[in-house]
Amino acid sequence: MVVSDIVAYFENIDLGLLRDLLLLYLPKQPRIINFIINLLEYWAWPAIHGGFSTRGIPQGNGVSSFIGNMYLLPLDMAFQRFCKSRDIKYLRYMDDVKVMAKDIHVARDSLFLMNEKLRELRLNIQGAKTRILQDQEIRAELFDERLDRTNEVIAEIQKKTSLTLTERSKFADLLKAELKKVKGRKGVIRDKELRLFRRLITGFTLLKHSEMVRVVLDQLERNPDARLLNSAARYLRWQDRNLRRITDRIFSCLIDGKLLFPYQDAHCMMTLRYQRHLPPSVWNEVKKRLRAKKEHWYTRQQAALLISLKALSKKELWAFRKLIDEESNVEVKRSLVQALAQLPQQDLKNLTNELLFEVDPKCQRLGRYYHGLLFDMNRSKKQLDSLFQDFREDVLIDRLYEVEVLSKAEDQAMRKNVLDKLKTVRKRLRRPILCKRVELIIARIEKELEQT
């Protein structure tokens with residue numbers, strides 16, 4: 001069995017060639033095809049002199065997977081023809097290719113054909129992941145009983161609307177047994193082991209169980225895999241135990257320079273957003289990262305989102321108000337606007353009016369959104385209802401800026417509505433940072449209502 005992969009598949013798709021292929025398959029749709037390619041060119045990472053790049057499509061969505069499959073149709077058709085003359089089975093899932101053959105020479109010919117067709121598509125075989133397997137190696141590649149058992153446990157958990165302590169303990173024991181079989185836990189977990197590890201994280205996340213905290217923190221520090229970082233962030237946000245260990249370890253990763261890439265720093269800040277206790281040293285580091293122009297924009301964006309949870313002093317608010325006027329990156333700017341939702345009512349209205357006349361359309365949309373929350377009673381009521389309909393504390397963390405804006409709405413009845421909603425849920429809040437913010441909003445609204 002030939003096993004192979006494509007080097008940085010999504011990043012290396014040639015947009016000019018993609019256009020030609022789409023026009024070949026859909027000759028009557030040139031307008032929509034050109035529109036799609038223009039969007040992809042705009043999205044792609046700019047060239048060194050600022051021009052549009054002609055390579056790469058975004059990952060992680062259904063449209064990209066569909067386009068990616070169409071791009072590899074020439075490879076599929078070449079193997080369809082090859083199958084007619086050779087006794088092989090060809091399998092492909094996105095950029096992961098497997099070819100079954102009865103003879104080693106045919107397997108090698110399959111590999112040569114794959115390399116040739118991929119070169120024609122401006123792609124390259126991943127040499128480190130290309131192998132010809134035989135006998136038991138094939139079974140080990142295709143089947144993983146550990147993963148099957150883990151998926152069965154996850155499926156059983158998902159069937160339950162609620163879990164008893166006995167059921168929770170039973171499922172946790174089953175997952176612990178599979179966790180012990182993951183190889184490479186003391187180093188960097190990779191490939192098939194990483195797939196199993198991520199599924200185990202999913203299982204323990206559903207159980208809200210702390211068994212994997214230590215090993216997840218180890219991998220968060222050592223392993224730059226983006227999918228693992230997303231799984232780790234989701235898992236750690238639900239932890240009720242080991243809180244000090246989680247915060248200290250993540251903060252250590254941030255300040256000790258242990259992480260290789262900016263998106264790892266950004267994910268650490270994302271994870272800190274959902275922790276209960278953040279010492280002053282964390283806030284100082286976050287503010288430093290936010291102000292550092294040399295930091296990657298994604299790190300600074302997550303720093304702005306994290307700082308927006310803190311109850312900001314008047315001095316801090318005006319410092320960030322000044323910073324937003326100097327900021328050139330639109331994503332950082334939009335995140336800073338969330339922190340500035342804490343501005344006094346009139347100052348927030350002034351900021352909203354400025355956003356309405358921003359050159360960048362994203363900032364304009366945010367300005368229109370704030371304006372609707374402040375002045376449109378119907379829209380603000382819908383937003384408030386959606387916030388508290390199925391209340392979850394982590395959702396309130398993500399949308400706290402909306403509550404701040406709604407609490408300063410022009411309509412007094414809306415402010416009273418916000419007050420009632422917050423009073424209903426405040427006893428259910430478990431994070432001190434969030435409790436403090438909610439209490440401040442409640443106290444301010446009550447004071448305003450008394451004065452009127």
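**Entry 1: the cavity**

I began with the residues that line the largest cavity, and I found Arg273, Gln275, Leu309, Ile397, Arg431, Ile433 and Leu434. I noted the rule used: on a 1 Å grid over the protein atoms alone, a cavity is a set of points where a 1.4 Å probe fits but cannot get out, and lining residues have an atom within 4 Å of a point. The model is predicted, with local features requiring pLDDT of at least 70 and side-chain atom pairs pLDDT 80 or more, while totals for chains, interfaces and linings use all residues. Residues are numbered from 1 along each chain as its sequence is written, and side-chain values use heavy atoms, without hydrogens and water.

I then asked how many cavities of 30 Å³ or more the structure holds. There is one. The largest cavity contains about 40 Å³ of space, where a volume is the space filled by probe spheres set on the grid points, and points are joined across faces, edges and corners.

I sorted the lining of the largest cavity by class and recorded four nonpolar, one polar and two charged residues. In this scheme Ala, Val, Leu, Ile, Met, Phe, Trp, Tyr, Cys and Pro are nonpolar, Asp, Glu, Lys and Arg are charged, and the others, Gly among them, are polar.

**Entry 2: the whole chain**

I recorded 24 helices and four strands in the protein chain. Helices (H or I, at least four residues) and strands (E, at least two) are DSSP runs, numbered from the N terminus. Along the principal axes, the C-alpha atoms fill a box of roughly 85 × 60 × 40 Å.

Of the 452 residues in the protein chain, 47% are buried. Buried means under 20% relative accessible area, exposed means over 50%, and partly exposed lies in between (1.4 Å probe, protein chains only). I also looked at contacts (heavy atoms within 4.5 Å). Among contacts with a separation of 6 or more, 67% join residues 24 or more positions apart.

**Entry 3: the sheet**

In what order do the four strands of the open sheet lie? I read S2-S3-S1-S4, with antiparallel pairing. The edges are strand S2 (88–93) and strand S4 (131–132), each of which pairs on one side only. Two strands count as paired if DSSP finds at least two bridges between them.

I followed S3 to its partners. Strand S1 (residues 2–5) meets strand S3 (residues 96–101) over four antiparallel bridges. Within S3, valine 99 stands opposite valine 2, and aspartate 96 is the bridge partner of aspartate 5. S2 and S3 are joined in the antiparallel sense by six bridges, and here arginine 92 faces valine 97 of S3. The hairpin of S2 and S3 has two residues between the strands, and methionine 94 in this hairpin takes a positive phi near 50°.

H5 lies across S1, S2, S3 and S4 and runs at about 150° to S3. Such angles run from 0 to 180 degrees between N-to-C directions, with axes as lines fitted to C-alpha atoms, for helices over the stretch in contact.

Serine 110 belongs to helix H5 (residues 104–120). Is serine 110 buried or exposed? It counts as buried because its relative accessibility is 0%. Leaving out residues up to four places away in sequence, serine 110 touches Phe79, Phe82, Ile88 and Val99.

**Entry 4: helix H17**

I looked up two residues here. Lysine 333 lies in helix H17 (residues 330–339) and counts as buried because its relative accessibility is 12%. Beyond four places in sequence, lysine 333 touches Ile324, Glu327, Glu358 and Cys363.

Alanine 339 is also found in helix H17; with a relative accessibility of 0%, alanine 339 counts as buried. Apart from neighbours within four places in sequence, the contacts of alanine 339 are Ala304, Ile307, Ser308, Leu312 and Leu317.

Aspartate 191 has a positive phi near 50° and is a residue other than glycine. Aspartate 191 is found in helix H9 (residues 191–207) and is exposed, with a relative accessible area of 58%.

Lysine 208, another residue other than glycine, has a positive phi near 55°. Lysine 208 sits in the loop between H9 and helix H10 (213–222) and is partly exposed, with a relative accessible area of 43%.

Definitions and conventions. On a 1 Å grid over the protein atoms alone, a cavity is a set of points where a 1.4 Å probe fits but cannot get out, and a pocket is an open set with protein on both sides within 12 Å along at least five of seven lines; lining residues have an atom within 4 Å of a point.
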